[in-house]
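Please go through the model below chain by chain.

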Amino acid sequence: MDKKVQLSGKFKLIMLVMIVLGVISVIAGFVTENGTRTWANLLLNNYYFLSIAMGALFWMAIQAVTQSGWSAAYLRIPQAMSNYLIVSFVLFALMFLGVHDLYHWTHADAVAQDPLLQHKAPYLNLPFFALRFVVFFGLWIFLTYRIKSLSLREDKVGGVAYFSKIEFSSKVFIFVFAFSFSLFSIDWLMSLDPHWYSTIYVVKKFISAFFHGVAAIAAIAIILRKLGYLPMLTKEHIANFSRYIFALSIIWAYMWLSQYLLIWYANIPEETIYYVPREMGEYKTMFYTELLVNWAFPFLFLMWNRVAKNENLVLFAVLVLIVGQWVELYMSIMPSIELKHAISLIEVGTFIGFAGLFGLVTGYSLSKMPLIPKNHPYLLESTTEEHF
Amino acid sequence: MKTNILGIYEDEDVLLHAIDKLQADGIVVADVYSPFPIHGIWSRLKLTTRLPYATFVYGAVGAVAIFMMLYWMSVVSYPLKFGGKPLNTLSFIIIMFVGTIFIGTLLTFLTYLGREKMFPGKQVVLPDPRSTEDKFVLVIANTEDMNEQETKHLMKMLKETGATEIKESTVNDHE
């Protein structure tokens with residue numbers, strides 16, 4: 001029960017090679033391309049892995065609040081991801097070197113000529129932007145660290161006292177997350193187009209993080225089972241994970257449509273401008289790819305019960321969704337930066353680098369604590385009984 | 001006349017373990033009546049259903065039917081332009097979405113009732129009416145073919161696995 005994940009030397013080596021590839025890609029980006037594009041690429045990957053970790057942690061909080069039994073054995077996976085938040089904080093802090101390249105509203109001369117930006121200036125100004133960034137990350141790191149340490153103490157002491165404490169912290173985390181992650185998405189993504197706004201935008205980002213975070217947990221759980229670590233991962237558990245992914249793919253599409261349909265229907269130029277480069281310009285294929293990989297594919301694929309219970313097929317679906325979240329963020333960020341659609345090796349390399357870093361941090365954190373929360377009150381239910 | 005033997009249990013966990021033991025002994029459990037759905041019964045009794053496939057077909061048919069209705073209404077029968085939007089328009093999707101759910105659910109429900117030969121007001125004959133209250137009833141079907149020794153063994157097994165009551169029933173829909 002106290003089994004920990006052993007990181008093989010090969011795993012560490014692969015992750016380090018991936019990180020080196022990423023660093024080379026970023027340097028190559030700054031040398032060969034314009035700085036703005038490389039900063040946008042860095043923002044994409046930073047936000048990507050933050051959203052995966054935050055979505056996974058939100059899932060963990062949901063499990064505690066609903067007192068779910070089946071998931072008790074898998075809570076360490078999101079808990080391990082919480083360590084990535086610290087890395088993400090550092091990487092996002094480096095992004096401040098590029099804010100002038102990315103954000104039009106940070107230029108004082110641009111704001112001086114623009115009544116709309118002046119109107120938004122009480123919110124969109126650099127000091128307040130930085131303050132929000134620090135406060136949000138502080139809250140996330142504090143709350144997730146608290147939940148993780150309570151869970152680790154529960155391992156030693158046992159009893160239901162820690163269970164109710166974790167539940168309370170999770171409730172706080174859910175409210176904090178909903179509010180702060182929404183504002184965080186406005187700050188870092190929506191303000192790339194400072195003149196445009198959509199109220200559904202943050203809901204879509206929130207759902208997308210949750211959607212792809214759960215997919216990442218499912219993939220890690222399946223991979224760990226293949227390595228012999230989580231023997232309790234039954235067909236029913238895999239079906240539960242795929243149910244999450246399936247349901248969230250519908251909600252994701254619902255949010256996508258809610259935003260698109262309202263803007264299409266109202267047909268106000270200030271709002272439709274957002275979709276002009278995305279749907280009509282060079283990004284046309286990516287625009288439809290986003291819907292295909294994030295909605296049509298998981299919806300039709302995971303609908304079949306046999307697929308939803310098969311770990312290899314679910315793993316395949318998650319691999320597609322990993323691309324899906326990238327496409328979703330690519331479509332949010334890149335058309336606002338430049339009208340030219342071009343995915344080069346630099347984009348791929350940067351993503352590989354960040355994936356290596358995320359994998360290394362998550363893997364290292366998993367290896368530092370017992371993989372199964374052995375005194376979780378619902379562990380028996382999770383590991384012995386069947387769940388539908 | 002066909003008879004069944006009923007084992008009556010007080011607890012769903014006891015019942016689940018009883019099914020495992022009976023099946024390990026080669027006894028076929030025909031059915032279980034319980035006041036609420038129990039996790040694990042489905043896979044233990046190897047039950048199958050084609051109802052989800054029917055739902056998929058109903059949903060697909062529903063989506064197409066609603067689209068055809070909307071297309072006929074706003075393009076063929078009464079083409080009225082408003083707001084500069086095309087006649088065959090994206091806003092169909094909302095009604096198609098809702099209509100698909102409605103048609104899929106309603107027809108699935110009716111199919112279920114049809115297959116189970118149920119209708120409002122039907123008097124259902126249960127092997128033991130207490131299975132709608134607090135008892136879990138396990139059915140071993142067609143025991144009239146068994147010889148005395150087999151019946152004795154079955155009774156013993158039911159007792160051992162925790163049945164609080166064992167009785168015969170002539171209510172039969174477990175061919």
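The C-alpha centres of domain 1 and domain 2 of chain B lie 45 Å apart. Domain 1 of chain B covers 4–48 + 126–169, and domain 2 of chain B covers 51–115; such bounds come from an automatic or database domain assignment. This is a predicted model, in which local features need pLDDT of at least 70 and side-chain atom pairs count only at pLDDT 80 or more, while totals for chains, interfaces and linings use all residues. Residues are numbered from 1 along each chain as its sequence is written, and chains are lettered from A and ligands numbered from 1 in the order in which they are written.

Chain B has 5 helices and 4 strands, where helices (H or I, at least four residues) and strands (E, at least two) are DSSP runs numbered from the N terminus. The order of its elements from the N terminus is β-α-β-α-α-α-β-α-β. The radius of gyration of chain B is 25 Å, whereas a compact globule of 175 residues would have one near 16 Å. That radius is taken over C-alpha atoms, and the globule rule is 2.2 Å times the number of residues to the power 0.38. Along the principal axes, the C-alpha atoms of chain B fill a box of roughly 80 × 30 × 25 Å.

Chain A has 18 helices and 0 strands. Its radius of gyration is 21 Å, which agrees with the value near 21 Å for a compact globule of 388 residues. The box filled by the C-alpha atoms of chain A is roughly 65 × 40 × 40 Å along the principal axes.

Two packed helices are described by the angle between their axes and the distance between the axes. Here axes are lines fitted to C-alpha atoms, for helices over the stretch in contact, and angles run from 0 to 180 degrees between N-to-C directions.

Elsewhere in chain A, the axes of helix H14 (residues 284–301) and helix H16 (residues 311–337) come within 9 Å and cross at roughly 150 degrees. H14(A) and H16(A) are therefore roughly antiparallel to each other. Their contact has 13 nonpolar, 3 polar and 2 charged residues (Ala, Val, Leu, Ile, Met, Phe, Trp, Tyr, Cys and Pro count as nonpolar, Asp, Glu, Lys and Arg as charged, and the others, Gly among them, as polar). Glu290(A) in H14(A) and Glu328(A) in H16(A) are among the residues in this contact.

Methods:
Parallel < 35°, antiparallel > 145°, perpendicular 65-115°, else oblique. Contact = placed C-beta atoms within 7 Å.
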